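Here is a short briefing to read with the structure open beside you.

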Amino acid sequence: IIQLEQIGNSYLRRMVSFFLRGSKTYFRQFLTDLENAQMKIEPEHMGDALPMGQPLALVRASLGLELQGPPAAHQGWNEFRLNMTRRCPEDSKFTRVQFPFRLGEQDQLNDGLTVYWLEDDSGGYKDNAYIIPNYDEAAENPEDKKCDFLYQSVDAPPLKVTMLMDPRAMAHATTGILPTKAIQIPSHQFAAALKRIEMSFLAAPVLADKRSADGRQEITLPIADPPGYRWVWLEKHGKDWLSLPINSGSLYTPFAAATEVREGWLKLTRNPSQDEKNS
């Protein structure tokens, strides 16, 4: 078990600490919101298909407004006359106007943002809460229609957010005054991590043949390997774990002498390609 202080990444440690301070009910609600958001994500470029759910990446982004040049001056005749004697023309404090930002676009399949947190100056999360990028006009309850906006002006420092998103998709920021901005994590930053994803599934009880092939033990189960992946049988013997390859070529014969009732885990691992083996 990894302790909180053993998490090296400070931003991941902050998110874990956020949930540890909350209740079990709060965390269950978060998992429900997260699952609902993931159901609406379909990356445009999937790459290698993942047969075990959807990956999530913890990323950070900053949101700011910039002008390409000085702000527009007031166009009134009286302001024009006064500007002739001023160092800075009258701009009606345009750079202090706060414009709303909406992060995430759940109606777009290629939007991978699930939830996000607005960071505060104290190193925590604003309002100690996560934000769901969702707005449902057809919702019956007013609270279900709520969409939390972030507000930003040209003069204000950039807002910093922590996001959980599918790394294969994009995150969209909509303002209403500019075209929608879409950003994406470069594939070289997460491709290697996706290849290392492994999952184990409890399988108990099962009838399986235990045989020996080429001097090593193996187990026969009626299961097929997904393209690019292979199944491995894990079993615990005392304090040690036994890993057996699975042979699905010849299925077991029920009630044969070698057939046993076993319990363990089916582990799905990536099957390295020939290029990866040679590298």
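Gln 189 is an exposed residue, with a relative accessible area of 55%. Gln 189 belongs to the loop that links E7 and helix H5 (191–195). Please keep in mind that this is a predicted model.

**The exposed loop residue**

- Gln 189 counts as exposed because its relative accessible area of 55% is over the 50% cut-off.
- From Gln 189 to Pro 167 the C-alpha to C-alpha distance is 9.2 Å, while the two are 22 residues apart in sequence.

**The four-stranded sheet**

- Four strands make up an open sheet in the order E4-E2-E6-E7, and their pairing is antiparallel.
- The edges are held by strand E4 (150–152) and strand E7 (181–184); each has a single partner strand, so one side of each has no neighbour in the sheet.
- On average, neighbouring strands of this sheet are turned by 30° against each other, with direction ignored.
- In a regular strand, side chains alternate between the two faces of the sheet.

**Strand E6 and its partners**

- Strand E6 (residues 170–174) pairs with strand E2 (residues 99–103) in the antiparallel sense, over two bridges.
- Leu 103 has Ala 173 in E6 as its bridge partner, and Arg 102 has Thr 174 in E6.
- E6 is also joined to E7 by four bridges, and these two strands run antiparallel.
- Ala 171 is the residue that stands opposite Ile 183 in E7.
- E6 and E7 form a hairpin with six residues between them, and in the turn Gly 176 has a positive phi of about 90°.
- How many of the five residues of E6 are buried? Four of the five are, so E6 is largely enclosed by the rest of the structure.

**A buried threonine**

- Thr 114 lies in strand E3 (residues 113–118).
- Is Thr 114 buried or exposed? Thr 114 is buried, because its relative accessible area of 0% is under the 20% cut-off.
- The side chain of Thr 114 reaches the backbone oxygen of Leu 164 at a distance of 2.5 Å.
- Setting aside neighbours within four places in sequence, the residues in contact with Thr 114 are Leu 34, Ala 37, Gln 38, Ile 41, Leu 56, Pro 133, Leu 164 and Met 165.

**The cavity**

- Rolling a probe the size of a water molecule over the atoms shows where empty space is left.
- Searching the whole structure turns up one cavity of 30 Å³ or more.
- The volume of the largest cavity is about 40 Å³.
- Which residues line the largest cavity? The lining consists of Ala 37, Lys 40, Ile 41, Glu 105, Gln 106, Gln 108, Asp 111 and Leu 113.
- Ala 37 and Ile 41, both part of that lining, are also among the residues in contact with Thr 114.

**The protein as a whole**

- The protein has six helices and twelve strands.
- Of its 279 residues, 33% count as buried.
- Among the contacts in the protein with a separation of 6 or more, 72% are between residues 24 or more positions apart.

Methods: Residues are numbered from 1 along each chain as its sequence is written. This is a predicted model: local features need pLDDT of at least 70, side-chain atom pairs count only at pLDDT 80 or more; totals for chains, interfaces and linings use all residues. Side-chain values use heavy atoms; hydrogens and water are left out. Two strands pair if DSSP finds at least two bridges between them. Axes are lines fitted to C-alpha atoms, for helices over the stretch in contact, and angles run from 0 to 180 degrees between N-to-C directions. Buried means under 20% relative accessible area, exposed over 50%, partly exposed in between (1.4 Å probe, protein chains only). A polar contact is a pair of N or O atoms within 3.5 Å; within protein, one must be able to donate a hydrogen and the other to accept it, and residues adjacent in sequence count only if both atoms are side-chain atoms. Contact means heavy atoms within 4.5 Å. On a 1 Å grid over the protein atoms alone, a cavity is a set of points where a 1.4 Å probe fits but cannot get out, and a pocket is an open set with protein on both sides within 12 Å along at least five of seven lines; lining residues have an atom within 4 Å of a point. Grid points are joined across faces, edges and corners, and a volume is the space filled by probe spheres set on the points.
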